[in-house]
Structure formats: C-alpha cells, structure tokens
Amino acid sequence: MSYAGYSQLPSGSDHEQRQQQLAANTYDILQRTGDSIQRSNQIAIETENMGAEVLGELGEQRESLLRTTRRLEDADQDLSKSRVIIRKLGREVLYNKIILILIIILELGILIGLLVLKFAHL
C-alpha cells in the first residue's frame, strides 16, 4: 500500500501496522488541512481584492458627494444674494409707487387750486 509516495513496509507486529496506519491517516489529515488552508488563502485574497475595489468606489463616491455639497453650498449662497436683491427691488418699486401717488395728489391739488382760482374770480 502507498500513500503519496510512501510505501507501507510489511511488518510482523500489530503495533507497527497501527503506527503506519496512524502515520498515513495523519498525512491524509495534513494534506486535507493544507488544501483547506490553500483554499482559505485564495478566498482571503479574493475578499481582499473585492474590499480594495469597494474601498476605491467608496472613495470616488465620497469625492462626488463632496463636489455636490460644494455646488449646493454655492447655490445656497447665490439664492441668498438673489433674495437680498429681490427685497431691494421690492422696496424700490414700493418707493416709486409712493412717489407716483404723491405726484398725482400734488397734481390734483394744483388742478383743484387752479379751478378754484379761475372760478373764484368770476
């Protein structure tokens, strides 16, 4: 009988046969354990590669989110400036309306004054 290149020597005693059987079993166990460790190492390498890819993608997404955040902050500042400008324009429109109303009242006053002067002399 041979185990991976080892041949079993015929022996007369039961004890030697058990030792050879134990050695052969131990060799098989070591072989399976080595194979298992090799598979585990391969899985660990694949997992590490996948983790590196995920980490790279997360880095790209982080940069994208930071750019988006900066754009949103810029847009918020622009909106704040626009609000201030719109408020100023609203006040100026109100001031213009008040001035026009005062001019109309003044013209009406002048017109009424002229009518009173014209008809008072008659």
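## Starting with patches

A surface patch here is built from residues with over 30% relative accessible area and no salt bridge, where like charges are joined within 9 Å and nonpolar side chains (Val, Leu, Ile, Met, Phe, Trp, Tyr) within 5 Å. One nonpolar patch of about 690 Å² is made by Ile 104, Leu 108, Leu 111, Ile 112, Leu 115, Val 116 and Phe 119. Areas like this come from the Shrake-Rupley method with a 1.4 Å probe, and for residues, only the protein chains shown count as cover.

Ile 112 has a relative accessible area of 52%, so it counts as exposed (exposed is over 50%, buried is under 20%, and partly exposed is in between, using a 1.4 Å probe and protein chains only).

## What kind of model this is

You're looking at a predicted model, where local features need pLDDT of at least 70, side-chain atom pairs count only at pLDDT 80 or more, and totals for chains, interfaces and linings use all residues. Residues are numbered from 1 along each chain as its sequence is written, and side-chain values use heavy atoms, with hydrogens and water left out.

## The overall layout

The protein chain has 1 helix and 2 strands, and along the sequence they come in the pattern β-β-α. Both are DSSP runs numbered from the N terminus: helices are H or I with at least four residues, and strands are E with at least two. Helix α1 covers residues 14–120.

## The listed transmembrane stretch

An unreviewed UniProt entry lists residues 98–120 as "transmembrane region". UniProt positions are in the numbering used here, feature names are shortened, and annotations may be inferred rather than shown by experiment. In the model, residues 98–120 are 100% helix and 0% strand, with the end C-alpha atoms 32 Å apart.

## Charges on the helix

Lys and Arg count as positive, Asp and Glu as negative, while His and the chain ends are not counted; each charge is placed at NZ of Lys, CZ of Arg, CG of Asp or CD of Glu. Arg 83, Arg 87, Lys 88 and Arg 91 form a positive patch, and Glu 73, Asp 74, Asp 76 and Asp 78 form a negative one. Arg 83 sits in helix α1 and is partly exposed because its relative accessibility is 44%. Asp 78 is in helix α1 too, and its 46% makes it partly exposed.

Which side chains meet in a salt bridge? Arg 62 and Glu 63 do, at 3.8 Å, N to O (the rule is a side-chain nitrogen of Lys or Arg within 4 Å of a carboxyl oxygen of Asp or Glu). The structure holds 1 salt bridge.
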